[in-house]
Amino acid sequence: MAVAVQFSCFKKKKGAYLVVFMLVYLWGSLISLSCAARLSVSRQKLEVEKHLKRVNKPPIKSIESVDGDIIDCIHISQQPAFDHPFLKDHKIQMRPSYHPEGLYDEEKMSTRSKESTNPITQLWHMNGRCPEDTIPVRRTKKDDVLRASSVKKYGKKKPKGIAKPRSTDPDLTNESGHQHAIAYVEGDRYYGAKATINVWEPKVQQSNEFSLSQLWILGGSFGQDLNSIEAGWQVSPDLYGDNNTRLFTYWTSDAYQATGCYNLLCSGFIQVSSAIAMGASISPVSALRNSQYDISILIWKDPKEGHWWMQFGNDYVLGYWPSFLFSYLAESASMIEWGGEVVNSQPDGKHTATQMGSGRFPEEGFGKSSYFRNIQVVDSSNNLKSPKDLGTFTEQSNCYDVQTGSNEDWGHHFYYGGPGRNPNCQ
């Protein structure tokens, strides 16, 4: 009996030791995990701070905008473009050698009497302007970077976000979750494009979605070698942390893989204007059955230097993308696109309710539907011309659509957009 009792006690002690051992082991594992997590957070914090130090250059003056942005006035020679190894000894070209012929003829054309002619500005202008020899740069904040999936992906579009008009296979066109309603030309050599774009503030359903209206200057195939220069307006909560309508640019020379970025968030675009900030809010915006506001954007290849220049409105030559950034676009573009793009992340397994343009379909017309007017291309002789054989493309016309037209006042134009999710778009 005594032996049995002793053995029973030993088993109990052995069980207790095992429990203690397991608790110690689990506690050690938790400490290890906690340490690893702290190290990971610490590493991310360090990475973010390093990135902020790299992109936010020392300002000569800072202006706080009413929308919460801080606009830093950076000396023109200290801008992010000059972080590029090929631009270390670059001499800034302060103005293009040539503007396209016919640019100011188009501006003399009459416009519809019901169209508002009030000038569009940027919100930060209410609190000041940048001095000469500086450029305005929207300051990148810690939260901006943390909203991105990684520091490396901050300020970049996801690959496969481009509209490929001849893709009619629904699986192919929707693989990236990007949807478009565009007009386009192809089959020639193009040296620029222009459009006047109606400005709205579309509702974006999810923070990881966006809605934009822009023009694309494209070269190469739609594979890994696509070259693209883009400019327009966008609403992108992930990128900016709000739902404001903002002026933006983008470039890539490898189909959005490693090169390029939005605005001035990497080296590439060389800005010369002290008046307009890339990524800053546009004001005012259009309202239904009310005043309509639009912005003119021109991008063209300087025939002498070969750089791609951008002009905003009639007065602001913003800067240029040096030709060496590109392969195909170092020569010319093979396709031009104008129109809208949204991200459809299919929340709840249904089509997104993110709006494109005004959120109304094209048939509703002026004052309700968003438009692009006076669309033109630049030919090999540096002349602005009406586009020939203008095509249209949309993946799902029940969600977002496009309708072209032509008249004396607006030249080649189109209405585009839509509400996204509706009874015919699920």
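Cys73 is buried, as is Cys130, where buried stands for under 20% relative accessible area, exposed for over 50% and partly exposed for what lies in between (1.4 Å probe, protein chains only). The model is predicted, so that local features need pLDDT of at least 70 and side-chain atom pairs count only at pLDDT 80 or more, while totals for chains, interfaces and linings use all residues. Residues are numbered from 1 along each chain as its sequence is written, and side-chain values use heavy atoms, with hydrogens and water left out.

Cys73 and Cys130 form a disulfide with their sulfur atoms 2.1 Å apart, a disulfide being a pair of cysteine sulfur atoms within 2.5 Å. This pair links distant parts of the chain, 57 residues apart, with Cys73 in strand S2 and Cys130 in the loop between strands S3 and S4; strands (E, at least two residues) are DSSP runs numbered from the N terminus.

The structure holds three disulfides. Cys261 and Cys266 form another, left-handed with -85 degrees about the S-S bond; Cys261 is buried at a relative accessible area of 2%, whereas Cys266 is partly exposed at 22%. Cys399 is joined to Cys425 by a right-handed link with 100 degrees about the S-S bond.

Turning to the strands, seven of them form an open antiparallel sheet in the order S10-S9-S8-S7-S16-S5-S19, where two strands pair if DSSP finds at least two bridges between them. The edge strands, S10 and S19, each pair on one side only. Within the sheet, seven bridges join S8 to S9, and Trp233 has Leu247 in S9 as its bridge partner.

Methods: Helix = DSSP H or I, 4+ residues; strand = E, 2+ residues; numbered from the N terminus.
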